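Open the structure in your viewer and show it as a cartoon. The tour goes from one selection to the next.

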Amino acid sequence: MNTQTNSADMTGVIAFQGEKGAYSHLACAKYFPNCKVSPCATFEDAFDAIETAKADFGLIPIENSLAGRVADIHHLLPESGLHIIGERFLPIRHQLLARKGADPRGLKTAHSHAMALGQCRRVVRELGLLPVVEADTAGSARRLADSGAETEAAIASELAAEIYGLDIVRANIEDAGHNTTRFVVMSRTPGAPPPPDADAVTSFIFRVRNIPAALYKAMGGFATNGVNMTKLESYQLNGAFTATQFYAEVEGRPEDVSVRLALEELGFFTSHMRILGVYAADPYRKKGEAD
């Protein structure tokens, strides 16, 4: 198994949530073409595949530029004991698919995941299609291929069209061109340190102590030490409104003086803190800043 995440030479089995043709599958094919893919029905199954060594890695969506964070992932990450060893960004390009040879003018319904349907409202409305919610995008493409219905369309990826033998009748139909999903690469073991010349990201979780202004004080160390915190999200633990855990990301490495001092100060105001991963920042981050 090759654990270098900064090249397309990575080998092994990589797990993802969804059916073949899902956007997670597309991301695996694009960024890790030498890995064998392992589709999993749920995120829990994908994490379990990595933990039990059925897969060497996992490519897990963590947030989307339109929809925000992916539900449940922030609960699964700390509980799994796995490590984040990289990140990848995938621009989402939705395709309107139909049965081979179907007349686009005869289409009546568009089937897909609710989120995909919502992201393609303009074309769905323009074509007068009735949106039909399905469990996922790739599944809607597979079911269309199985049924052979000439009046039905599916909204899914270009890879799904290729896998299930469907025609792309309208390409790139998403309403927002900036629709992008961020994935994290998961592994049972920590990744190799980012190259010295690479921008780095440190992901970690923490729980603040039950004292007044604990979160404010905990965050102060990052401000005073000039550390850029790019993400801070909270969620409840075990359904308790008084037990809050935070997921955070900062630019830099724990061995950087500024990051080290900030994490030390964080420790004074937290009851628990664990680093989930230190990895090279994807170049897409710079592209997003430029845009």
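Keep in mind that the model is predicted.

Next, colour the elements around the pocket. Select helix H1 (23–31), helix H4 (114–118) and helix H6 (137–147), then strand E3 (57–64), strand E4 (68–69) and strand E11 (180–187); each of them gives at least two residues to the lining of the largest pocket. What kinds of residue make up this lining, nonpolar, polar or charged? The lining has 13 nonpolar, 11 polar and 4 charged residues.

Now turn to a sheet. Select E8, E7, E9, E6 and E10 in that order, and you have an open sheet of 5 strands with mixed pairing. Its edge strands are strand E8 (130–134) and strand E10 (167–170), each of which pairs on one side only. On average, neighbouring strands of this sheet are turned by 35 degrees against each other, direction ignored.

Within the sheet, zoom in on strand E7 (residues 109–113) and strand E9 (residues 152–156). The two run parallel and are joined by 3 bridges. Which residue in E9 is the bridge partner of alanine 110? The partner is alanine 153.

Last, select H6 again. This helix packs on the sheet and touches strand E6 (95–98), E7, E8 and E9. The direction of H6 makes about 150 degrees with that of E9. H6 also supplies at least two residues of the lining of the largest pocket, where the tour began.

How values were computed
Residues are numbered from 1 along each chain as its sequence is written. This is a predicted model: local features need pLDDT of at least 70, side-chain atom pairs count only at pLDDT 80 or more; totals for chains, interfaces and linings use all residues. Side-chain values use heavy atoms; hydrogens and water are left out. Helices (H or I, at least four residues) and strands (E, at least two) are DSSP runs, numbered from the N terminus. Ala, Val, Leu, Ile, Met, Phe, Trp, Tyr, Cys and Pro count as nonpolar, Asp, Glu, Lys and Arg as charged, and the others, Gly among them, as polar. Two strands pair if DSSP finds at least two bridges between them. Axes are lines fitted to C-alpha atoms, for helices over the stretch in contact, and angles run from 0 to 180 degrees between N-to-C directions. Contact means heavy atoms within 4.5 Å.
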